[in-house]
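Take a look at the fold below. Then read on for a short tour of its parts.

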Amino acid sequence: MKTETCTHIPIATAGIEVVSCGDCGEVGWFRRGEWLDPAEGMAVLFGQYDLVGRLEALSAPAPEVLLYRPPSGRWRAHLDVFPKHVWLEVSPDLFLSHDGEHLLLAPVDQLYFDNLTQGA
Ligand SMILES: [Zn+2]
C-alpha cells in the first residue's frame with residue numbers, strides 16, 4: 001500500500017525498469033514503459049544466480065528463505081535497484097530481499113517453492 005513517504009521512481013537496469021519501495025514493499029516491473037510480468041522481470045535480473053543455501057526464515061514472510069549468489073559483479077549490480085534488508089512483495093507468492101551481496105527469496109506458496117528449487 002502506497003504511503004506518504006513513497007517515491008516509486010523507476011530505475012533502469014539490464015534493459016528493464018524496476019520500481020521497488022522500501023516503505024510499502026511494493027515492486028513493479030516494466031519494459032519500455034509497458035508492464036512486465038514479475039516472473040519475467042525476476043528471470044532477467046536473477047536468472048543466472050546460483051542457489052547456495054537455505055535459511056530458516058527469521059523475520060521473513062515465509063517459512064524458509066532461499067539464498068542466491070550472483071555469478072559476477074555485473075549480475076550483483078542488479079541487486080542495487082532494490083532497497084537493502086527489506087522484504088519486498090514480488091507477487092503474492094514471493095518476497096525478495098538482499099544484503100548487497102546475496103539475493104534472498106521467500107516463497108510463500110509451497111508449489112512455487114518446489115518449482116524454484118527443482119534441480120537445485
Ligand atoms: Zn511505496
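**The whole chain**

This is a predicted model, in which local features need pLDDT of at least 70, side-chain atom pairs count only at pLDDT 80 or more, and totals for chains, interfaces and linings use all residues. Residues are numbered from 1 along each chain as its sequence is written.

The protein chain has 3 helices and 9 strands. Helices (H or I, at least four residues) and strands (E, at least two) are DSSP runs, numbered from the N terminus. Along the sequence the pattern reads β-β-β-β-α-β-β-α-β-β-β-α.

The C-alpha atoms fill a box of roughly 35 × 30 × 25 Å along the principal axes. The radius of gyration is 14 Å, which agrees with the value near 14 Å for a compact globule of 120 residues. That radius is taken over C-alpha atoms, and the globule rule is 2.2 Å times the number of residues to the power 0.38.

Buried residues make up 22% of the 120 residues. A residue is buried if 20 or more other C-beta atoms lie within 10 Å of its own, exposed if 12 or fewer, and partly exposed in between, with C-beta atoms placed from the backbone.

An open sheet of 5 strands has the order 5-6-9-8-7, with antiparallel pairing. Strand 5 (50–56) and strand 7 (88–91) stand at the edges with a single partner strand each, so one side of each has no neighbour in the sheet. The twist averages 30° from one strand to the next. Axes here are lines fitted to C-alpha atoms, for helices over the stretch in contact, and angles run from 0 to 180 degrees between N-to-C directions. Two strands pair if DSSP finds at least two bridges between them.

Strand 7 and strand 8 (residues 94–98) pair antiparallel over 3 bridges. They form a hairpin with 2 residues between them. Across this pair, E89 stands opposite F95, and S91 stands opposite L94.

On its other pairing, strand 8 is joined to strand 9 (residues 103–107) by 5 antiparallel bridges. S97 stands opposite L104 in strand 9. This hairpin has 4 residues between the strands, and G100 takes a positive phi near 95° there.

How many residues of strand 8 are buried? The count is 5 of its 5 residues. L94, L96 and H98 point one way, while F95 and S97 point the other way. In a regular strand the side chains alternate between the two faces of the sheet.

**Helix 1**

In helix 1 (residues 38–46), G41, M42 and L45 are buried. Seen down the axis, the buried residues fall within an arc of 100°, so they line one face of the helix. The arc is that of the directions from the helix axis to the C-beta atoms. These buried residues pack against strand 2 (16–20), strand 3 (27–31) and strand 7. Two residues are in contact if their C-beta atoms, placed from the backbone, lie within 7 Å.

**Single residues**

Most residues other than glycine have a negative phi.

A12 lies in strand 1 (residues 11–13). A12 is exposed, with 10 other C-beta atoms within 10 Å. A12 and H78 are 66 residues apart in sequence and 9.8 Å apart in space, C-alpha to C-alpha.
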